[in-house]
Amino acid sequence: MTKSRNGLLISTRAKNTEAGCGACGTSSRRVHSRYRRLLQDVTCGEVPVTIDLEVRRWFCGNPDCRVRTFAEQVPELASRYARRTSSLSRLLKHIALALAGRAGARLAAHLGIFVSRSLLIRLIRALPDPEVGSVTVLGVDDLAKRRGQSYATILIDMATHRPIDVLDGRTSEVFAAWLREHPGMQVIYRDRAGGYADGAREGAPEAIEVADRWHLWHNLCTAVESTIRAHRADLAELPPQTPPADEEPTADTAPDVPQSRTALRTRERHAVIHAL
């Protein structure tokens, strides 16, 4: 172990007297050559640590094998072709999942690990998709990848309120095919679009279809607002309120300040929002 201005450098090598070929599994004791791998490891007291690993290349003794030589691997330390140890890779994955790119890179720099935001994003994209598992109550809605041009379908497990899958497109065929691959659906929360209704009937005809709460409230608010606007002329105007004698008139209550209907409606909405 040596210390430099760039951190700690740990020189090491494997002590195995033989290694197995990764292609055919044949064990070999004949060393072909040696080379070195530099692996970035977790920091030691915020000091960067680099492992200088000496790796041997072995002859494969199987004449029918497709490779002539192979390099020994240390899976406990790092995976094949990796430039970081397994422990550092796990730490960076946790940072990337919690903070994503820019914020994750800033936190890693404070810990003595200097990586780019692009690297953290690549680590997230390289993670395998989690298993869907058993889902009985499903939420479905569309998702705009590029508004007006490209859309997708997002699926939510309503028991955990976590996304479980994203489908390319928002057609009934795509949704029905996913439901057939995941049987056992009991309840489907969806918006009022006809495509998802057709997909639910084709892919899970035994499931109960429920309009989700947000779309119910949204549709109700839209209908009420349209009705009020259509009959605005039939609503009586409120008489002006005279403030008490011991209260000084303000900008909101002064009778000599003319206010339009739009201004009154805006003030009423402002008061209702704060009351809620």
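The C-alpha centres of domain 1 and domain 2 lie 41 Å apart in this predicted model. Domain 1 covers residues 8–126 and domain 2 covers 137–213, with bounds that come from an automatic or database domain assignment. Residues are numbered from 1 along each chain as its sequence is written, and side-chain values use heavy atoms, with hydrogens and water left out. As the model is predicted, local features need pLDDT of at least 70 and side-chain atom pairs count only at pLDDT 80 or more, while totals for chains, interfaces and linings use all residues.

UniProt, in an unreviewed entry, lists residues 19–60 as "domain: Transposase IS204/IS1001/IS1096/IS1165 zinc-finger"; UniProt positions are given in the numbering used here, feature names are shortened, and annotations may be inferred rather than shown by experiment. Over residues 19–60 the chain is 74% strand and 0% helix, and the end C-alpha atoms are 9 Å apart. Helices (H or I, at least four residues) and strands (E, at least two) are DSSP runs, numbered from the N terminus. Strand 5 (residues 31–44) and strand 6 (residues 47–59) run antiparallel and are joined by eleven bridges; two strands pair if DSSP finds at least two bridges between them. C44 has V47 of strand 6 as its bridge partner. Two residues lie between the strands of this hairpin, where G45 takes a positive phi near 65 degrees.

Two further residues deserve a look for their backbone angles. Most residues other than glycine have a negative phi. Y81, however, has a positive phi near 65 degrees, and this residue lies in the loop between strand 7 (69–71) and helix 1 (86–99). Y81 is exposed, with a relative accessible area of 73% (buried means under 20%, exposed over 50%, partly exposed in between, with a 1.4 Å probe and protein chains only). A100 also has a positive phi near 65 degrees, in the loop between helix 1 and helix 2 (102–110), and counts as partly exposed at 33% relative accessibility. I124, in helix 3 (residues 117–126), is in contact with A96, L97 and A100, leaving aside its neighbours within four places in sequence; contact means heavy atoms within 4.5 Å.

Five strands form an open sheet in the order 10-9-8-11-12, with mixed pairing. Strand 10 (162–168) and strand 12 (208–211) stand at the edges, each with a single partner strand, so one side of each is left without a neighbour in the sheet. The twist averages 30 degrees from one strand to the next. Helix 4 (residues 172–181) packs on the sheet, touching strand 8, strand 9, strand 10 and strand 11 (187–190), and its direction makes about 130 degrees with that of strand 10. Axes are lines fitted to C-alpha atoms, for helices over the stretch in contact, and angles run from 0 to 180 degrees between N-to-C directions. Strand 8 (residues 137–146) and strand 9 (residues 150–157) are antiparallel, with eight bridges between them.

The largest nonpolar core has 15 residues, and those with the most contacts inside it include L138, F175, W178 and I188. Such a core is a set of buried Ala, Val, Leu, Ile, Met, Phe, Trp, Tyr and Cys residues joined through side-chain atoms within 4.5 Å. Helix 4 gives the most to this core, with three residues. Apart from it lies another core, of ten residues, among them L88, A96, A108 and I113.
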